[in-house]
Amino acid sequence: MTPIIDAKNITKVFGASRSPHAARALNDVSVDVYPGETVGVVGESGSGKTTLARIMIGIESATKGQVYKDGHLLESRVDWRNLRLNVQYVFQDPFTALCPTMRIGAALAEPLSVHKKCPASERLGRVSEMLKKVGLHPDMARRLPVQLSGGQRQRVSLARALMLEPSVLICDEIVSGLDVSVQAQVLQLLVDLQKDLGISIVFISHDLRVIRYLCDRVYVMYKGEVVEQGKTGPIFENPSHQYTKNLLASIPGARHDKSTPVVQVTS
Amino acid sequence: MTSTGITGRLYLNPLIILGGLLFAFIVLSSFQAQLLTQADPLGTDLGAIRQAPSLEHPFGTDGVGRDVLARVAHGGRLSLQIAGVGMIGSLLVGSITGLLAVFAPKPVRWSVERAIDIQLAFPYVLMAIAITSAVRPSTIVLILLMILAGWAASARVVRSIALQERGKDYVKAAAVLGIPKLRVVLLHVFPTVWPSVVVLAAMQMAAMIVFEATLSFLGMGIQPPTPSWGGIMLDGKNYITSSWWLTTLPGLAILVTSLSLILIGEGLQKRSLFLRSRESDS
């Protein structure tokens, strides 16, 4: 089976690559996503998770490496534009991800009208339907983002990303800005949506419990490199890399294994 | 959580109300001058030259016996019209160039930024003198001069706000959704810049009133005998030691008008800051 998205040997350097101040955000990272699965990318802040996700959708360009969609190398602007009809992205901060002056309904209808996905008369219906799907009342369409809570805004962001019926959804730390109780609701929504729509999800998080709850496979990132990857179960049961062991040991309430000292890994 | 729209309410503050009342008074007395005085702004009366303010002539009369109040009231009409058109023109040019300086391809962005820098470094009165010495002054030329003098300041304000907005996630989100850039700029970014443009409009209008008066006073604006505030002051400048009312009272009209507009501008600014803080609280 060909992966829907296959990012190969991605390296990203911020700043001029020869400069002593150049920051190497990603070093030879490869990630693939197959239809219908949920892939977790986990790591601490600054490990390159978000940069990787942004390269996968083309908001950021890689210094080295290629991204393939269904086995085709993405080269031109048109390739990337077509990719985005199929792969969508949900941003971390629900407070800046929605245009502050645009009503929810207009924001959701916009991708439909721009891409001529359906006749104008059906748009309103599609918007209401999607709002219901993410657990919001269709009346919300008349509101401005200011009038919504963080959890509601994140649901709207999800709804907007789903308007184009993508086959992959990249979720960048989408629950980290939310209250714990709201987090659980949004995660449950994500699980339900995936069952319902059969989409693939790339779930980026620093929270291992969330990853374990949600993901089939997981990539563990540390300082711009993938240090461990594989099925979620085995990795959580039997981590092989020291960094993963430390991460797991740091989960509050996790059984503390005396044999793994909590120390920094020297790279 | 409320379900009423924040745009539906006005949130006026004392500055806006005071400025608005003053400005409304000026506009009314300029455009409906006959309510204020029946005197003819062009009618000379050589039997009554340079008379001090009295009940018959509240602002006195000028060197050829014309009623100064009538001239100030009627002159305000043209001054306000020209300043208004100049203000709208400079905001339009400023908004377009300001947005171009943020969202256009790099060479365009660079050129626009340099043009703004050059324009801001150029003394505009000097530029106006240079231009009016080459072409005959007329209303159109005057308006173009005002746009030339004002666009760069508005462009810089629009640019700085648009620059902040460009980095926000909703602009990136629109790109991810495949929404065309022009649409993003006009429908997503510009509405967030708009409140600042409104504040700018009041401030620019005040500047334009003064600029028009300056040019007319220098003889490069509205040509006599048509009354304009700067022109009336120009007429009166030879008598400044003996007939104070010929320069002081039209000057006062300019002062009150620009003051009222600055008050409105300050009030609008406070209002938009207040609305923004409410927004981030929720």
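At what angle do helix α3 (residues 104–114) of chain A and helix α4 (residues 120–133) of chain A pack, and how far apart are their axes? In the predicted model, the angle is about 120° and the axes lie 9 Å apart. Two packed helices are described by the angle between their axes and the distance between the axes. Angles of 65 to 115 degrees count as roughly perpendicular and those over 145 as roughly antiparallel; α3(A) and α4(A) are therefore oblique to each other. The crossing in which α3(A) passes α4(A) is right-handed. On the side of α3(A), the contact is made by A:Gly105, A:Leu108, A:Ala109, A:Leu112 and A:Ser113, while α4(A) contributes A:Arg123, A:Arg126, A:Val127 and A:Met130. Sorted by class, the residues of this contact comprise five nonpolar, two polar and two charged ones.

The overall form of chain A was examined next. Chain A contains nine helices and ten strands. Along the principal axes, its C-alpha atoms fill a box of roughly 60 × 45 × 40 Å. For 267 residues, a compact globule would have a radius of gyration near 18 Å, and the value of 19 Å for chain A agrees with this. Of the 267 residues of chain A, 41% count as buried.

Backbone angles were considered last. Most residues other than glycine have a negative phi. A:Asp28, in strand β2 (residues 23–33) of chain A, has instead a positive phi, near 55°. A:Asp28 has 13 other C-beta atoms within 10 Å and is partly exposed. In chain B, B:Arg50 is not a glycine either, and its phi is positive at about 45°. B:Arg50 is placed in the loop between α2 (33–36) and α3 (68–103) of chain B. With 17 other C-beta atoms within 10 Å, B:Arg50 is partly exposed, because a residue counts as buried if 20 or more such atoms lie within that distance and as exposed if 12 or fewer do.

Methods
Residues are numbered from 1 along each chain as its sequence is written. Chains are lettered from A and ligands numbered from 1 in the order in which they are written. This is a predicted model: local features need pLDDT of at least 70, side-chain atom pairs count only at pLDDT 80 or more; totals for chains, interfaces and linings use all residues. Axes are lines fitted to C-alpha atoms, for helices over the stretch in contact, and angles run from 0 to 180 degrees between N-to-C directions. Helices (H or I, at least four residues) and strands (E, at least two) are DSSP runs, numbered from the N terminus. Angles under 35 degrees count as roughly parallel, over 145 as roughly antiparallel, 65 to 115 as roughly perpendicular and the rest as oblique. A crossing is left-handed if the near helix is turned anticlockwise from the far one by less than a right angle, and right-handed if clockwise. Two residues are in contact if their C-beta atoms, placed from the backbone, lie within 7 Å. Ala, Val, Leu, Ile, Met, Phe, Trp, Tyr, Cys and Pro count as nonpolar, Asp, Glu, Lys and Arg as charged, and the others, Gly among them, as polar. The radius of gyration is taken over C-alpha atoms; the globule rule is 2.2 Å times the number of residues to the power 0.38.
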